[in-house]
Amino acid sequence: DYKVLKARGIFANANFVITDHAITTNNFVDKFGRRVTQSMNSAGTYNYYSYLGYQIQVPSIKTWFYGNVGNNGGKYINFVNSEENIIRNNRYSAYFSGSFRREEKMSLSLRADLSYNQSVSSINNTIKTKYWTHTYSFHSYFALPFKFEFTNDIDFAFRQKTSVFDKNRNTIIWNTNLTKALFKDKCALAFSVNDILNQNIGFMRNIQSNFISENTYTTLRRFWMVAFTWNFSKNSAQNSN
């Protein structure tokens, strides 16, 4: 449901999917840890997804708000040494964002994203994987005198430790940029610094089947850059954005 003049919206979605004769694996593991994998079919696999969102604009303060809550998960089946193993995954999430804009002068925005993940396997139901992740992002833009523009982007990522993955994976990524328009806005000179705090890491944590994996990898970290851009369009006003 959406009202254009008020920019108010209510959004909802839900789906449920059953996979008949899903292709799964039968893992044979010996005492040395060697694994042989066989493909086979299984019954009873399903997954689901749902969310509810709300959006509203407050014209008097030129501010927009949006938020949603969601839930997704499923039931998966595989076999370990021919013994049936039922895995149930579930994820609860919540998201909120707000933004304030004054045309051609400034803009501010804030986002928050929280999720709670859990997984349990029937073959060893005494071990339950449970952890939180929450991220926060802040963006600001200011038009300064003498055709300068200044932007800041800060992203906070907090990942709860688990009994297996007990290292600190929290990061704060801070990028900033200062731009000066030149020659009647036909050109721009910019100076930027990415990852000011030098904390950027490649990170991915995923629940698959009856195990949880965490991957970290090398990525581009702190650096600075000077850039010069030239707009070749004849209608610079129309294409300035």
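Here is a tour with a few stops, each starting with something to select.

First, some ground rules: this is a predicted model, where local features need pLDDT of at least 70, side-chain atom pairs count only at pLDDT 80 or more, and totals for chains, interfaces and linings use all residues. Residues are numbered from 1 along each chain as its sequence is written, and side-chain values use heavy atoms, leaving out hydrogens and water.

**Stop one: a nonpolar patch**

Select F183, L189, F191, W224, V226, F228, W230 and F232. Together they form a nonpolar patch on the surface with about 990 Å² of accessible area. (Patch members have over 30% relative accessible area and no salt bridge; nonpolar side chains are joined within 5 Å. Areas come from the Shrake-Rupley method with a 1.4 Å probe.) Which strand gives the most to the patch? It's β15, with 4 residues; strands here are DSSP runs of E, at least two residues long, numbered from the N terminus.

Now click on W224, which sits in β15. It counts as exposed, at 60% relative accessibility (exposed is over 50%, buried under 20%, partly exposed in between).

**Stop two: rings**

The whole structure has 9 aromatic pairs. Select W230 and F232: their ring centres are 6.1 Å apart and their planes at 35°, so this pair is tilted. (Rings of Phe, Tyr and Trp, using the six-membered ring of Trp, pair with centres within 6.5 Å; planes under 30 degrees apart are stacked, over 60 edge-to-face, the rest tilted.) F232 is exposed at 70%, while W230 is partly exposed at 45%.

Next, select F11, Y66 and Y95, a cluster linked by ring pairs.

**Stop three: a strand residue**

Go to S97 in β7, residues 83–102. Is S97 buried or exposed? Buried, at 14% relative accessibility. Leaving aside residues up to four places away in sequence, S97 touches W64, F65, Y66, L110 and R111 (contact means heavy atoms within 4.5 Å).

**Stop four: salt bridges**

There are 3 salt bridges in the structure, each a side-chain nitrogen of Lys or Arg within 4 Å of a carboxyl oxygen of Asp or Glu. Select D1 and R8, which meet at 2.7 Å, N to O; D1 is exposed at 56%, whereas R8 is buried at 14%.

Finish with D185 and K147, at 3.6 Å, N to O. D185 is in the loop between β11 and β12 and K147 in the loop between β9 and β10, so the pair ties together parts 38 residues apart in sequence.

Terms used
Patches are made of residues with over 30% relative accessible area and no salt bridge: like charges are joined within 9 Å, nonpolar side chains (Val, Leu, Ile, Met, Phe, Trp, Tyr) within 5 Å. Accessible areas come from the Shrake-Rupley method with a 1.4 Å probe; for residues, only the protein chains shown count as cover. Buried means under 20% relative accessible area, exposed over 50%, partly exposed in between (1.4 Å probe, protein chains only).
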